[in-house]
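Biologist: I would like a close look at one part of this model. Please take me through it step by step.

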Amino acid sequence: MGVTMKDIARDLGVSVVTVSKVLRKHSDISPQTRERVLRRMKELNYQPNQAARSLVTGRSYAMGLIVPDLEHPFFGEIAKAISRRIRLKDYSLIIASSEEDPVIERREIEGLMARQVDAIVLASVQTSAQSAVFQRLAQSLVPYVLIDRNFPGLAANYVGVNDTAVGRAATEHLIARGCRRIAHLRGPEVSTGIGRLQGYRETLTRAGMEVPLDYVVDLKSGDDRSEERGYEGMTRLLALKNTPDGVFCYNDEVAIGALRAILEAGMRIPADIAVIGVDNIRFADLLRVPLSSVDQNSYQIGERAAQLALKLIESKAAPPRQIILPIRLIARESTAADTVPGRRAPTQQTAK
């Protein structure tokens, strides 16, 4: 049988309540007593009984995270940030993937609820604020925070960016580089895909530039099999009679697939076609052609979502908050203007 709180209390001549308060980081324990208890716990390799702790506190000290794709670097950064932040409060993170499937997402949510997690962070693949998933979450009273994908009209906590601004920033950058035939490999029918497409269209219209129907390629999904879908979408654009000279990709992994298709076709980047993505993944500058990208501050999204979720656990009655983070455009070789006659040199921009 393992070491118990009673053993620790007996060894130090203190009460079990005192040991319990040290574990819960209670403020009315003196620094000296806290140090003694913690030292003895370490000496005896004491491991708290989580089941007993949950019975006393009414909490599982676990938080759930559901994302569309566990392999996507953007969501990996978010998961790392959440895990680091909640670990400071003795929480563990349970991670699941919906694989861009609403049915799987609902199943994973039910699974997390069965585990009695204290909060859920969710990059939802639902397409409507009226989805039964959100009704189920509201009925369960488990606090949740939406990330990356927002749902207008839904009274929910959200941490992410303005995706219309993302679309504008990327398209304005391509125009500034001298591109005049700009295509878009668009994402799924969720707020990220819709917003980025809207920003793209608004920018081209404002610049007096045409938006041909075949210049917008619907990938159906953007975060699952992204690179493969980007390759296929770019291949379709390259088959057009009037190929684009600039491509705005839904995310960086889609852009990586597009880069491969362009290079395999014997074309030059950016001399023939400039390419920009979204996410600013860690290895974007290590690619064969370093990729220009709109940085969404993925790590900060995770940190802020974790902070918000922890606050909701303490005060479930708090009104919903919408936290919109700034974006930043990182220009690299894939849109470098100085390699193309008549195009201006690249810059770094910050947008809201």
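Biologist: What relative accessible area does Asp 90 have?

Modeller: Asp 90 has a relative accessible area of 34%, which makes the residue partly exposed. Buried means under 20%, exposed means over 50%, and partly exposed lies in between, using a 1.4 Å probe and protein chains only. Two notes on the source. The model is predicted, so local features need pLDDT of at least 70 and side-chain atom pairs count only at pLDDT 80 or more, while totals for chains, interfaces and linings use all residues. Residues are numbered from 1 along each chain as its sequence is written, and side-chain values use heavy atoms, with hydrogens and water left out.

Now place the residue. Asp 90 sits in the loop between α5 and β2. Helices (H or I, at least four residues) and strands (E, at least two) are DSSP runs, numbered from the N terminus. The phi of Asp 90 is near 65 degrees, a positive value in a residue that is not glycine. Most residues other than glycine have a negative phi.

Follow the chain into β2, residues 92-97.

Six strands form an open sheet in the order β2-β1-β3-β4-β5-β11, with parallel pairing. Two strands pair if DSSP finds at least two bridges between them. β2 and β11 (322-324) stand at the edges, each with a single partner strand, so one side of each has no neighbour in the sheet. From one strand to the next, the twist averages 20 degrees.

Three bridges join β5 (residues 157-160) to β11, and the two run parallel. Gly 160 stands opposite Ile 324 in β11.

Helix α5, residues 73-87, lies across β1 (62-67), β2, β3 (119-122) and β4 (144-147). Contact here means heavy atoms within 4.5 Å. α5 runs at about 160 degrees to β2. Axes are lines fitted to C-alpha atoms, for helices over the stretch in contact, and angles run from 0 to 180 degrees between N-to-C directions. So β2 is an edge strand, α5 lies across β2, and Asp 90 is in the loop between them.
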